[in-house]
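Please keep the sequence and the 3D view at hand while reading.

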Amino acid sequence: MTHVGARIERARMDAGTSQRALADRSGISQATLSRIISGERTAKMPEIVAIAWATGRTVAELAGVARTADRAQCAARATNGSDADGMRQKLLSFLELNDFLDDQAIPATIGGDTEDR
């Protein structure tokens, strides 16, 4: 199984950006990003969200979750620090985005012949 760092590195390469540029766009220090990519450090959910935005990938792709329940749990983790209403609103937004992507035939998960790209 590919770790999150490898999926982030793949997303960075597919986006045609340098590690420094991705660090700048995501607001994560290059040293931290390098440690996440190498697997020396576990990525925190807010970091995965920032990297997803910066690379045009989904959180589900980077986190390696495919099932709806896993995606919902992933979204809930991204709401750390929110009160119950804030968490509910963010989760609903996430699920609406997920449905929109499905309606547009945009994969929210990694497809193809392998689980990881």
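## Burial and the case of Thr17

A residue is called buried when its relative accessible area is under 20%, exposed when that area is over 50%, and partly exposed in between. Thr17 has a relative accessible area of 10% and is therefore buried, although its place is in a loop, the one between H1 and helix H2 (19–26). When neighbours within four places in sequence are left aside, Thr17 is in contact with Arg12, Leu22 and Arg25.

## Model and confidence

The model is a predicted one, and the mean pLDDT of the protein chain is 79, with 74% of the residues reaching 70 or more. Over residues 110–117, however, the pLDDT is below 50, and in the model this stretch has 13 contacts beyond near neighbours in sequence. Where pLDDT is low, the predicted coordinates should not be read in detail.

## Overall make-up

The protein chain contains seven helices and zero strands, so that reading along the sequence gives the pattern α-α-α-α-α-α-α, with helices taken as DSSP runs of at least four residues. Of the 117 residues in the protein chain, 38% are buried, and the accessible surface comes to about 6900 Å², with 51% of that area belonging to carbon and sulfur atoms.

How much of the contact set in the protein chain joins residues at least 24 apart in sequence? Among contacts between residues at least 6 apart, the share is 54%.

## Helices H1 and H3

Two packed helices are described by the angle between their axes and the distance between the axes. For helix H1 (residues 4–14) and helix H3 (residues 30–38), the axes come within 6 Å and cross at roughly 115°. On the H1 side the contact involves Gly5, Ala6, Ile8 and Glu9, which meet Leu33, Ile36 and Ile37 in H3. By residue class, this contact of H1 with H3 divides into five nonpolar residues, one polar and one charged.

Gln19, found in helix H2, has contacts that include residues of this pair: leaving aside neighbours within four places in sequence, Gln19 is in contact with Glu9, Arg12, Gln30, Leu33, Ser34 and Ile37. Between the C-alpha atoms of Gln19 and Ala31, which are twelve residues apart in sequence, the separation in space is 9.6 Å.

## Helix H4 and Thr55

H4 is mostly covered, with eight of its eleven residues buried, namely Met45, Glu47, Ile48, Ala50, Ile51, Ala52, Ala54 and Thr55. After H4 comes Gly56, whose phi is positive, near 80°.

The side chain of Thr55 reaches the backbone oxygen of Ile51 at 2.8 Å. Once neighbours within four places in sequence are set aside, the residues in contact with Thr55 are Ala11, Arg12, Ala15, Leu22 and Leu62.

## Two partly exposed positions

Gly64 is found in the loop between helix H5 (59–63) and helix H6 (68–77). Because its relative accessibility is 23%, Gly64 counts as partly exposed. Although Gly64 and His3 are 61 residues apart along the chain, their C-alpha atoms are separated by 8.1 Å.

Leu92 lies in helix H7 (residues 84–103), and with a relative accessibility of 34% Leu92 likewise counts as partly exposed. The C-alpha atom of Leu92 is separated by 10.0 Å from that of Ala76, the two residues being 16 apart along the chain.

Technical notes
Residues numbered from 1 in each chain as written. Heavy atoms only, no water. pLDDT = per-residue confidence, 0-100. Contact = heavy atoms within 4.5 Å. Buried < 20%, exposed > 50% of the residue type's maximum accessible area, 1.4 Å probe, protein only. Axes fitted to C-alpha atoms, helices over the stretch in contact; angles between N-to-C directions. Nonpolar A, V, L, I, M, F, W, Y, C, P; charged D, E, K, R; others polar. Areas by Shrake-Rupley, 256 points an atom, 1.4 Å probe, with all protein chains shown as cover. Polar contact = N/O pair within 3.5 Å; in protein donor to acceptor, adjacent residues only side chain to side chain.
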